[in-house]
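Keep the viewer open and try each task before reading its solution.

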Amino acid sequence: MMKKSVVSALSALILTGIVLTGCKDTEPSVFSLETAAQPEPSNGPVSFWVATDLHYLDKALEDGGEAFQTYVNGGDGKMLPYSDELTEAFVHDIRQKKPEFVILSGDLTNNGEAGSHKELTKKLKQVEASGTSVYVIPGNHDLNNPWARSFKNDKQLKSEHITDKDFPRLYGDFGYNEAISRDQNSLSYVVNAAPGLWLLMLDSNQYHNNEKYGFPQTDGRLLPETLSWIEDCVQEAARQHASIITVMHHNLLSHTSMPVSGFKLNNSQESLKRLRKNGLNLVLSGHIHMQDIRRDPGAITGDSSSGLLTVYDIATSAMAVNPHQYGEMTFDPASRAVTYKTSAVNVEGWAAANGIEDANLLHFKTYAEQTFARNSYNKALERLQDAPFTEDQKASMAEVMSRLNVNYFAGTAGSVLEEIKAMPGYKLWENMEGGFMPGYIRSMAREQGWSKVSLEIILTRH
Ligand code: FE
Ligand code: MN
């Protein structure tokens, strides 16, 4: 099937890295007065985090056997064998640093397994018990997913998955029950997360045909009805003098000049127009698994003097993928300033604090980077199998790809570009005609010059 090959091509690319309505559910237009009540004003900025693409896999669904190993090695670099430990460490970080709230922007689970959702919600309950609120939306892997699997010995077994009907019930404590308003046509909602700050949590996924297709649909869009509902929400926020951050799984803007589809919203132009019209100037997204920050109009480094409102899209890299980071953010209600910077999950600290003896966990940063680098290296080498180069040349080219990939996914490629260009394998890639990898390398070189890991902007006043 056409779609399926696009999907696997995407993950192969990325993997290889080579690369790379009224506003309420039941009562339209009615805002709940209770939840919309203004919270106590507080003085300083509030701190909150955004994480995405956890792709959590319940430990009970894998035995570490042959089938699981094969799946992990053939995958897109997700740290599935330590999925539970990584998530525990993230929860530990939250309890230590106590952000006001945490946003999870979809792909919460590996492939929508009921067991993974259930275990994850248990952890999120602990987070809320420690005083940090959690707000989630689904990603394209989370609902009606026919790929839900468990792994036993040398076999993959079909595993139970959850539906879009189950999701708001399962995650009721993590946004849906707190919503000021819910979209009738999607799993979108809006919530008052802090004094003067609303989160517009948008469901950009298309999951109704997954069963029919036999795979989870990758591409996303915002429904016309959802776009209208957004306008109602913005008007209500304006009445309450609240600023709004928009959150969705798919990207609003292009985060790569590579010709790959399925990352950006299918109706990104229309959506951008509507967001801009409503003064929504900051989007938090995920899905592409790489760290990147873009704006429209104009490159981040350039001057944006078009007269159009500048809209930013921060794509946080996948928590499941090296360097296993999330975004640390602040919002100052007085100035409406928002800051963002990436921070890696402190797995080592969590492992040490819990008396864990697994050396991979005690030295997780190194372990994770080496694992990811090796994965990229091997995939590059595989691609070069039939290319007319000596073994040494291939090794050197694979080394370039590996270095680049590690930094590209982390959002730090700009800082190593010169070093990479000086590597012998670089020239070989540069001179190679056609193919995905040379284009990938060139795109990387074009896309440097601004920070992909930090940002400070002022939210629109509504
Ligand atoms: Fe994902
Ligand atoms: Mn996704």
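Two tasks with worked solutions follow.

This is a predicted model, in which local features need pLDDT of at least 70, side-chain atom pairs count only at pLDDT 80 or more, and totals for chains, interfaces and linings use all residues. Residues are numbered from 1 along each chain as its sequence is written, chains are lettered from A and ligands numbered from 1 in the order in which they are written, and side-chain values use heavy atoms, with hydrogens and water left out.

**Exercise 1.** Find the protein donors of the manganese ion (ligand 2).

*Solution.* 
- Step 1: Count as donors the N, O and S atoms within 2.8 Å of the metal (3.2 Å for Na, K and Ca); water is not among the atoms, so sites may look incomplete.
- Step 2: Asp107 (OD), Asn140 (OD1), His249 (NE2) and His287 (ND1) lie 2.2 to 2.3 Å from the manganese ion.
- Step 3: Along the sequence, their spacing reads D-x32-N-x108-H-x37-H.
- Step 4: Asp107 also coordinates the iron ion (ligand 1), 3.2 Å from the manganese ion.

**Exercise 2.** Work out how the axes of helix α8 and helix α9 cross.

*Solution.* 
- Step 1: Helices are DSSP runs (H or I, at least four residues), numbered from the N terminus; here take residues 224–239 for α8 and 268–277 for α9.
- Step 2: Their axes, lines fitted to C-alpha atoms over the stretch in contact, come within 10 Å and cross at roughly 10 degrees.
- Step 3: α8 is therefore roughly parallel to α9, a label for angles under 35 degrees.
- Step 4: The contact (heavy atoms within 4.5 Å) involves Leu227, Ser228 and Glu231 of α8 with Glu270, Ser271, Arg274 and Lys277 of α9.

Key: Axes are lines fitted to C-alpha atoms, for helices over the stretch in contact, and angles run from 0 to 180 degrees between N-to-C directions. Helices (H or I, at least four residues) and strands (E, at least two) are DSSP runs, numbered from the N terminus. Angles under 35 degrees count as roughly parallel, over 145 as roughly antiparallel, 65 to 115 as roughly perpendicular and the rest as oblique.
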